[in-house]
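I am opening a notebook page on a structure that is new to me, and I want to go through it one question at a time. The sequence and the model come first, and my entries follow.

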Amino acid sequence: MFMGDKKHGNGILVTTNGTYYAGFFANDILTHSAGGLAIFPSGIYYKGELTIDGPFGKGMFYYPEREIESEQFELDDSNTKMAGHTMTGIFGGTWTSVKISNATMAMDQIFNKVPMLDLKINAERKWSSIFSCFHETLFGTSDILAIRRMDIKKVWNRIAIFVSRAKRKEQLKANNFTVASGELDDRATALICQSGYQMQSASTISLRSSLSDSRLSLHNGFPSSPAGPSPPTVAPDAISVQSFSSIASRAEDDEFMLNPSGYGGRVRNSSPFRDLDFIPNFCITSVDREGLELLRNYLTDAFQSVYHPLHGLFEKLSSCFYSTYSCWKYTPHSILCEPAMNEWISIVSRIYTLVLTVMFPALPKDSIMIEEELLSYQSLLYPILMTQGIYSALFVLYASKCSKNDEIYRQRILICMKKTDDNLIQLLDINRELVPIIKHEKYQQAIESLNRFREKCCPSEMIKHINDAFTLVDQACKEQEVRMDVAADNLLELIIWLIIKANLPQLGAEISLLEDLMQNDYGISYRNTQNDYCLITLKASYQHIISDNFFVNKTFDPTGTGA
């Protein structure tokens, strides 16, 4: 965190040589308060009072020598234990020349490979200025309580003015900043919209229409006409401007196209909310399944449209996150996994609670089930906000966290890939009755489905491809008349073969990251379900591949070419 453009508060500083310093910063300086941490590239680390230059007071050095084999399977190095020596005492000097005033060394000690951070970093306070600036710009105040008390019509009026101004600036830029005589400026637009919410139009109601002859109404979508019938009476809190059918029927050659940049190339072929020139009437007073689907479509387009305030908000947040946890010149330390994941969850949570619940008051504060479908900030926003850039930044950290197991996995998959199918069946001692299933067309489709799993970055999409692969394996078993429900060992063999043929790199990091992304309420809908069972089985198969018992037939050619 920063204050006055200087580092302030609990944080982690990473130097260009790969050394990590964690502690309390004040006025850009790492103070010598207790609870500091220094991790060096050699694996040695220090906990206690310190400065950026060296230890400064009471503390303890940890000198790891060897890793202790765990009796329990660990997907990553979070709980890995090391054997080595420790030195406790009072230290001074520099990191290259430590002065020991009074210390005791203990030999043959056991401690964690990855130290725990004593000073926790409050993810909820990070990048809070971006949210404050967003609220100030859009609503005129950064006080979230005052914003929540704001009339919903005024909220959407301000969003409408923001979108109109953004488009107006784009038009002025395209016209070399010249204004036609019949057009209104931004100030005129704001004054008209704020002074009664009404501007006249003979067709549909759209902010894209010429502001000089259009009518915007926050109460209904019926254009007023002196000769025509009066519009029907609606409730005072009705916000509808256009029906969904009217929006969906817009021409495909709309001049305001969505900008897919920064979203991993994900562009939906047809969208009911192409230019967002309307005020929604869903999720304002109540939430149902149909309204939830309309909300997803709206948010997908809003976060991609350069004219919408949500786009600018997430662009700034994602840029800060990506700059903090990516672009490494060396392998990052796995200690960053926890603060990075907490920060990402906090960003998504605050977008939901501080922004979306203001725009759509009917959205619940806590997760709820709507017609057997979970609604939470994660289930709503992950499919939209989990871009390839965000996922890759997290994945690099988790790849470091799972590097040891994934290296064993990589070497064993490489050995298997060099084998012919017959030699591999012999090497792994695969049940011969399963061979027809492995060669079945549905099983080959399952391999392709599991391959697509690594191409996705949204947890729900990743789980879907895993589930689809297991479903295809089950179908192949049924067509071969093999009862997999009573042959769990056979299922494990089939999934192991599936992983080998899919040749998934760094599967341990993928599984570990997926599990952490599904924590909190997002994983509720998957617990004790078929999806949960598939993920557990995939993890068990990975565990068996890296275990010492993976190669059942030990008499194989180590070059990978023998029989």
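How many residues lie between E7 and E8 in the hairpin that they form? I looked this up in the predicted model and found that 4 residues separate E7 from E8. The two strands, E7 and E8 (residues 55-68), run antiparallel and are paired over 5 bridges, and I noted that Tyr-45 has Tyr-62 as its bridge partner in E8.

I then turned to the other neighbour of E7, strand E6 (residues 36-39), which is antiparallel to E7 and joined to it by 4 bridges. Here I found Ile-39 bridged to Tyr-45 of E7, the residue that also has Tyr-62 of E8 as a bridge partner. E6 and E7 form a hairpin as well, with 5 residues between them, and in its turn Gly-43 takes a positive phi of about 105 degrees.

Is E7 mostly covered or mostly open? I checked strand E7 (residues 45-50) and found 5 of its 6 residues buried.

Next I looked at helix H12 (residues 421-428), where the buried residues are Asn-423, Leu-424, Ile-425, Leu-427 and Leu-428. Just past the end of H12, I noted Asp-429 with a positive phi of about 55 degrees.

Last, I checked the confidence of the prediction: the protein has an average pLDDT of 78, and 77% of the residues score at least 70. Over residues 187-272 the pLDDT stays under 50, although the model has 137 contacts beyond four places in sequence for them. Residues 558-563 also have a pLDDT below 50, and I recorded 9 contacts for this stretch beyond near neighbours in sequence.

Terms used:
Residues are numbered from 1 along each chain as its sequence is written. This is a predicted model: local features need pLDDT of at least 70, side-chain atom pairs count only at pLDDT 80 or more; totals for chains, interfaces and linings use all residues. Side-chain values use heavy atoms; hydrogens and water are left out. Buried means under 20% relative accessible area, exposed over 50%, partly exposed in between (1.4 Å probe, protein chains only). Two strands pair if DSSP finds at least two bridges between them. pLDDT is the predictor's confidence in each residue, from 0 to 100. Contact means heavy atoms within 4.5 Å.
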